[in-house]
Amino acid sequence: MTVVRLRHLAQVNPATPAFDRLHDNDEVTFLPMEVIWPDNRLDISQRRVKASVSTGYTRFQDGDVLVPKITPTFEAARSVLINGLYCGVGAGTTELHVLRPKSEVDARFLLYVTNTHGFLKLGKAEMYGVAGQQRVPDEFIRDYAVELPSLTAQRRIADFLDTETARIDKLADARKEQVKLMTERLDAIRNELFTDSPNYTPTPLMHLTDPTRPIVYGIVQAGPEIQDGIPYIKTGDLENLRINSLSRTSREIHNQYKRAAVHPGDIVMAMRASIGAVALVPDDIPEANLTQGTARIAARQGIDRRWLLQALQARSVQEQCQVRAVGSTFRTLNIWDLRRVVINVSPERTRDQQLDYLESSLARHRAITSSAVKQGVLLAERRQALITAAVTGQFDVSTASGRGVTE
């Protein structure tokens, strides 16, 4: 097997004459980074007029391999072999390296090279730039050494990997679908429990909260990051509310907004961006504040905060939040409107039954989700290991029956 630098197998970030030959008002495919995913997740439906993407964008054509250059997209192995572009060409984010295969290499084999463990590990080590904005340099791509089998062998390897990775992807999709269906079932249970009933009392949210700690939003300007300062919660923190991931502000700013201090057991709701998203403040956050884009909701005596957290996620409440939000580009739910969101409050005994049922459903959901996530990680590792072994010649794919993943 011959070792060849990638620069000899593909043009790296070449010019695209086919793009230049188009008229300014011709449409081309447009690819922002968020649509660049391997397999059937790749979305090539977006188009732009050529004149609008002639400068400041990366150009490519059918048959090119696109390699994300920025962290963490590069490490996530999101390289794609692009085909089916409108007019055969496209433009997209500048955070891409373009590899245009030469005659010595099969395009699919080249794609699999960019998904091997060695390529991704060495590329990550070569990244430059500030934290969070590091990029894989052009020189790494050009100088990467590829163990190159014959063209016939390349195609045989690519055929094998097309089949085996499709099987792995099918299994991964099945796990995702399982989680999706479980989430939909949980939502349906929650919505049914909080649907209006003759025994329920429609009650504004402000009457379900602690009168000494009313619904408020937090810090308008948090100031510079203080390493040992007071943590504060942003809308982006609600999905995984952990003390070690929170930003921190000075105690002076915290004291200025002491009215918005949150305690363990308080509920925090997003008032901007993902409006209506909620989280319960855990015990490991004994002292914290909020940003202006979030609101504190403290349950009054006699209202179980866990029950209230579930009630706030019911469709009837979420729809009210969306309807009451104002603005076009940056929609915002204001405190006055949030306080008046109506919740169908059941009798106390019924609330206990609702909560027990919901929490047992939540436990099943967490177990299934945790299992699916673990299986997804294992499948991804298996996928990369299989690609690496096949591309680097660790086994002969022509006699590799049984080495792939089966259902």
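**Entry 1: N13**

I started at N13, which sits in the loop between β2 (10–12) and α1 (17–20). A reminder to myself that this is a predicted model. I looked up the backbone of N13 and found phi near 50 degrees, a positive value in a residue other than glycine. Most residues other than glycine have a negative phi, so I made a note of this one. Is N13 buried, exposed or in between? Its relative accessibility is 30%, so I put N13 down as partly exposed.

**Entry 2: C87**

Next I turned to C87, in the loop between β7 (80–81) and β8 (89–92). C87 is not a glycine either, yet its phi is positive, about 65 degrees. With a relative accessible area of 45%, C87 also goes down as partly exposed.

**Entry 3: the loop between β6 and β7**

Then I went to the loop between β6 (65–68) and β7 (80–81), where T73 has its place. P72 belongs to that loop too. Which peptide bond is cis here? I found that it is the one from T71 to P72, with omega near 0 degrees. Most peptide bonds are trans, so I flagged it.

I checked T73 for burial as well: its relative accessibility is 10%, and because buried means under 20%, T73 counts as buried. What does T73 touch, apart from its neighbours within four places in sequence? I listed M33, P68 and R78.

**Entry 4: helix α3**

I moved on to helix α3, residues 117–125, and looked for its buried residues: F119, L120 and G123. Why do they line one face of the helix? Seen down the axis of α3, they fall within an arc of 95 degrees, so they share one face.

On the face of α3 turned away from the buried side, I found the exposed residues K121 and A125. I also asked what the buried residues of α3 pack against. My list reads β6, α2 (107–113), α4 (138–143) and α10 (348–391).

**Entry 5: α5 and α10**

I came back to α10 for its packing with helix α5, residues 151–193. How far apart are their axes? They are 10 Å apart, and the helices pack at an angle of about 170 degrees. Angles over 145 degrees count as roughly antiparallel, so that is how I wrote down α5 relative to α10. Last, I sorted the contact of α5 with α10 by residue class: 21 nonpolar, eight polar and eight charged residues.

Technical notes: Residues numbered from 1 in each chain as written. Predicted model: local features only at pLDDT ≥ 70, side-chain atom pairs only at ≥ 80, totals over all residues. Heavy atoms only, no water. Helix = DSSP H or I, 4+ residues; strand = E, 2+ residues; numbered from the N terminus. Buried < 20%, exposed > 50% of the residue type's maximum accessible area, 1.4 Å probe, protein only. Contact = heavy atoms within 4.5 Å. Arc of directions from axis to C-beta. Axes fitted to C-alpha atoms, helices over the stretch in contact; angles between N-to-C directions. Parallel < 35°, antiparallel > 145°, perpendicular 65-115°, else oblique. Nonpolar A, V, L, I, M, F, W, Y, C, P; charged D, E, K, R; others polar.
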